[in-house]
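The following exercises ask the reader to locate residues in a model and to describe their surroundings. Each task is followed by a solution in steps.

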Amino acid sequence: MSRIRSPQGLVALVCVLLLAFVLAVVAALPARAADDAAVAQAVEALDQRSFADKADAVSALAVLGHPRTAPVLEALSAGQLFRHRGSERIVIGAYNGKSYALTDAVTGEDAGTESSSRKLQKIVANNTIRVQIESALGSLQLTSADPALRMKAARQALNNPSADAIPALSAAVEAEADAGVKALMARALAASRLMGGGTEAERIAAVETLADTTDPAIRALLTRVANDEAVAEPVREAAAEAVKAIDTRLAVLSVGQDLIFGLSAGSILLLAAIGLAITFGVMGVINMAHGEMIMLGAYTTFVVQQVFRATLPPEVFGLYLLVAVPAAFVVAGAVGVAMERGIIRFLYGRPLETLLATWGISLILQQAVRSIFGATNRQVANPDWMSGSVELLGLSLTANRIAIILFALVVLAGLAAYLRWSSMGLNMRAVTQNRRMASAMGIPTGRVDALTFGLGSGIAGVAGVAISQVANVSPNLGQAYIVDSFLVVVFGGVGSLWGALAGAFSLGIVNKFLEPMAGAMLAKILVLVFIILFIQKRPRGLFALRGRAFET
């Protein structure tokens, strides 16, 4: 664009812009005056005896889309719209306990106060009109500047489809920039056209639009259309096919949901079984107190939570898990080392006595916790970042379950790296494969036993941290996982971390798919029978460790 070089040219440009602005304002004044007059007429029409005429007035007022439409309709629905007998104006009256604060319904200006209800004649709305008002207000919110309100209005229009909403929805779809809101508005528009607001071709097209979803409300709508004899045959057939497609998609999503839930249950089993795989694999000790190590980790999490809640500001409360994980590992690991050094090391080679001793320790630990914390359940709160749900490929996944799955995999990877590359891990693997040869090579097997037992117990304590995020903490918490942990270890292979991974996830998924069909108890029995039969064919489990000690 060429520059304006002279002052005269600049003045001329300014004058032209001012003139254009004045003309635009002048042109808008009659339209605004006409809008105000139409609103005044529609508001006056609300004061009628016939509810049918009132419904027509509500529709006329909603179509105008004037800024005063929403306040007037809300007041009518709430029973706060009156005709003032002194001034004969229609007003909105808000009762404050002593008098009514009045607002002119048409202009929104302050209309004073009125202490006597006799001078206010209520304009009554029945339930049908209230439903109509709710739909109209939803249509008005379609043009709100707040995306959340637009989404809410679109959802409301989808749940209550009406031919009257088609013009507003069509305009809203064209003007919408947010992809998520636009898609929901398009479904609401299709639903309104399907329910009698469109031609046969438009209704079939609406069915095709609605078929690409898993929304239960849409499925119910399509089912109603498919079973309605008054609807044209092609539309009913298209709706029936859409219902079948939605059912197929829901079945696939149900399988995916069960698979994720199975992985979630398996990840908890994995955390509970990893420590047992270490102690059972290295020392052959059947530790019946392993569940109590899980319980100690959960109660440690509870204590850390209470300390954070009592001593630190609320904004850092969500970080308590970062302290609870190492604290639970240290507490449970220390108890495990004390158990091994104080009792278990005197019982090596005597499995029955070891089993009875650890069972007695489990009872002692349970009673100790009852004495300290009481017998009632303790609740551990989820941090904000572990609350809510996440939508993934149509699946609604809770954030805490996803976090536990990832946490279990991280713990497994960290433990595998520790056993693979650390000197302690090398000693543990040597003792696992051939204890006598390891001792002859100078490896302190007693110390390895104590630290191994402490490591396994510490990881069980970490499992308690994870379990506390999905279940209440109680003295009997560990008893729910001890049997399943042994099944995972035996099925996957004694002493094998990868066997524990495969066994935990397999049992978690199988249980999740069996429980709806057979019930929780029968599902566990079927899994136990399967493992017994499997062990008959593969006594060492899925991933058997190899070494001289295992070959003999």
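**Exercise 1.** Determine in which helix V72 is placed, and state whether V72 is buried or exposed.

*Solution.* Step 1: V72 is placed in helix α3, residues 69-78; helices (H or I, at least four residues) and strands (E, at least two) are DSSP runs numbered from the N terminus. Step 2: the relative accessible area of V72 is 0%, so this residue is buried; buried means under 20% relative accessible area, exposed over 50% and partly exposed in between, with a 1.4 Å probe and protein chains only. Step 3: beyond its neighbours within four places in sequence, V72 is in contact with V43, L46, L61, L81, I92 and A105, where contact means heavy atoms within 4.5 Å. Step 4: V43 is 29 residues from V72 along the chain, and their C-alpha atoms are 7.8 Å apart.

The model is predicted: local features need pLDDT of at least 70, side-chain atom pairs count only at pLDDT 80 or more, and totals for chains, interfaces and linings use all residues. Residues are numbered from 1 along each chain as its sequence is written, and side-chain values use heavy atoms, with hydrogens and water left out.

**Exercise 2.** Find the place of P167 and decide whether P167 is buried or exposed.

*Solution.* Step 1: helix α6, residues 166-175, holds P167. Step 2: the relative accessibility of P167 is 56%, and P167 therefore counts as exposed. Step 3: between the C-alpha atoms of P167 and L189, 22 residues apart along the chain, the separation is 9.0 Å.

**Exercise 3.** Describe the surroundings of Q469: where is it placed, and with which side chains does its own side chain make polar contacts?

*Solution.* Step 1: Q469 is in the loop between α17 (445-467) and α18. Step 2: with a relative accessible area of 6%, Q469 is buried. Step 3: its side chain makes a polar contact of 3.3 Å with the side chain of Y320 and one of 3.4 Å with that of S468. A polar contact is a pair of N or O atoms within 3.5 Å; within protein, one must be able to donate a hydrogen and the other to accept it, and residues adjacent in sequence count only if both atoms are side-chain atoms. Step 4: outside four places in sequence, the contacts of Q469 include T301, Y320, V380, N382 and I404.

**Exercise 4.** Which backbone oxygen lies 2.6 Å from a polar atom of the side chain of S485?

*Solution.* Step 1: S485 belongs to helix α18. Step 2: S485 has 0% relative accessibility and thus counts as buried. Step 3: the backbone oxygen in question is that of Y481. Step 4: not counting residues up to four places away in sequence, S485 touches A272, A273 and L276.

**Exercise 5.** Summarise the chain as a whole.

*Solution.* Step 1: the protein chain has 21 helices and seven strands. Step 2: of its 552 residues, 41% are buried. Step 3: among contacts between residues at least 6 apart in sequence, 67% join residues at least 24 apart.

**Exercise 6.** How many aromatic pairs are there, and which cluster includes F82?

*Solution.* Step 1: rings of Phe, Tyr and Trp (its six-membered ring) pair if their centres lie within 6.5 Å. Step 2: the count by this rule is eight aromatic pairs. Step 3: F82 forms one aromatic cluster with Y95 and Y100.

Technical notes:
Rings of Phe, Tyr and Trp (its six-membered ring) pair if their centres lie within 6.5 Å; planes under 30 degrees apart count as stacked, over 60 as edge-to-face and the rest as tilted.
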